[in-house]
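Visitor: Please show me the model, and then let us go through some of its side-chain contacts one at a time.

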Amino acid sequence: KAVLFPELKADLLAMFKCRKLDEGFTLAEKAAELLHQISIHQRVVVGFTYGGGKDLTGFIDGTNNYDETLRSVATLCVNQDTQGSNVFVGIFHHNIKGFASMSGRSKSRAIGRDYHTQTKAKGRDGRIENPRLRSDVSLHGHVFKAWGEMFRQSYPFCEEIEQEEEVPKKDMAGASSTLLHVPKSSSSFLERVSTMKLEDIATTLDRNKKGLFFIACSHDLKEIDDALERMCGKWDQARDLLFQFTTCEGGAYFYAPSLAELEHISKASQGSLQPKISDRVTIPQLPKLKLNIDFKMCSNCEQKEGFTWYEGGRLEECSACEHIFEIADRKQQKQPAPQETG
């Protein structure tokens, strides 16, 4: 695993997700200023949206994260003992020229999804995706290697060669203490890349560093670790076909503490609390809600399925397509027409 996923030497991760690229730059610069007295080297990876939500290879995101309500994130990400989350970060460099030269069949088998087909996903937000292959499947494809209980976020990146630089930061005494690695990927450059075709990226940006910045959060570190081990071929002696056209620059594990844990640490640093190894953060328990199930026709998947909803809640979910409905709206639609009286 150390060969395919070399160590990314980092102690702290900060992620800024913004609608505008300039806002992300501003937040990153502010964070760098706050941390420059305690850090030796800082690096900024600028992600952007390509092709409306695709990887630079042209594949549409297929993680099926529950973006509509994010209700499942707590189960996937939060450790029930600590209330924090285990995080893996990987920076992957794509060989777009090599990928472009692959046949359509090889592209599809490498990921496990039909590269040339786009369909509307069932349930939730109905996003467009490349559907999973149902025939001519390779069990070494990415979807058969990287599964696990985790919440994923990934962003394409592409750096401008001629403007990449390392900017020395100054400490309070004026001495150079921190090196901030800033790839100067301007907004205009990334906007141009975001609409380029695969063939154009392969030819005009062949020398540029480009690929995918990947983050996964899980309640259990083993979920992430097992997925990486499968990608390396630990149990079937066959590595993920993804590595035909991508190389991991480095990967690292982090831990994202809960707000309760951060408050605990803050009190300890202020001297109002003496931390002990045996200390356990107490998280207030939410009241248990009664789960109800109704069977009816779903207007989204057009199947008669069970609908689950919590007592006093506003939402119900189809167990087949996982689409979320407003209970009030559905009940309002079912109200009978008023009867005429003589």
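Guide: Asn300 is found in the loop between strand S10 (291-297) and strand S11 (304-310); helices (H or I, at least four residues) and strands (E, at least two) are DSSP runs, numbered from the N terminus. This is a predicted model, in which local features need pLDDT of at least 70, side-chain atom pairs count only at pLDDT 80 or more, and totals for chains, interfaces and linings use all residues. Residues are numbered from 1 along each chain as its sequence is written, and side-chain values use heavy atoms, with hydrogens and water left out.

Visitor: Is Asn300 buried, partly exposed or exposed?

Guide: Buried means under 20% relative accessible area, exposed over 50%, and partly exposed in between (1.4 Å probe, protein chains only). The relative accessible area of Asn300 is 37%, so Asn300 is partly exposed.

Visitor: What distance separates the C-alpha atoms of Asn300 and Cys318?

Guide: Asn300 and Cys318 are 18 residues apart along the chain. Their C-alpha atoms are separated by 8.8 Å.

Visitor: Which backbone oxygen does the side chain of Ser85 reach?

Guide: Ser85 is found in strand S2 and, with a relative accessible area of 10%, is buried. A polar contact is a pair of N or O atoms within 3.5 Å; within protein, one must be able to donate a hydrogen and the other to accept it, and residues adjacent in sequence count only if both atoms are side-chain atoms. At 3.0 Å, the side chain of Ser85 reaches the backbone oxygen of Cys77.

Visitor: How many aromatic pairs are there?

Guide: Rings of Phe, Tyr and Trp (its six-membered ring) pair if their centres lie within 6.5 Å; planes under 30 degrees apart count as stacked, over 60 as edge-to-face and the rest as tilted. By this rule the aromatic pairs number 8.

Visitor: Why is the pair of Phe5 and Phe88 classed as it is?

Guide: The ring centres of Phe5 and Phe88 are 6.3 Å apart and their planes stand at 80°, so the pair is edge-to-face. Phe5 lies in the segment before helix H1 (21-35) and Phe88 in strand S2 (residues 85-94), so the pair links distant parts of the chain, 83 residues apart. Both Phe5 and Phe88 are buried. The class asked for is edge-to-face.

Visitor: Which residues do ring pairs link into a cluster?

Guide: Phe5 and Phe88 belong to this cluster. Its members are Phe5, Phe88, Phe92, Phe243 and Tyr253.

Visitor: How many salt bridges are there?

Guide: A salt bridge is a side-chain nitrogen of Lys or Arg within 4 Å of a carboxyl oxygen of Asp or Glu. Among them is the bridge of Glu7 with Lys9, with the closest N and O atoms 3.5 Å apart; Glu7 and Lys9 are exposed. By this rule the count is 8.

Visitor: How far apart in sequence are the parts that Arg109 and Asp136 tie together?

Guide: Arg109 forms a salt bridge with Asp136, the closest N and O atoms being 3.1 Å apart. Arg109 lies in helix H4 (residues 104-111) and Asp136 in the loop between strand S4 (128-129) and strand S5 (151-158), so the parts tied together are 27 residues apart.

Visitor: Are Arg113 and Glu129 buried or exposed?

Guide: The side chains of Arg113 and Glu129 meet in a salt bridge (4.0 Å, N to O). Relative accessibility is 6% for Arg113 and 11% for Glu129. Arg113 counts as buried, and Glu129 is also buried.
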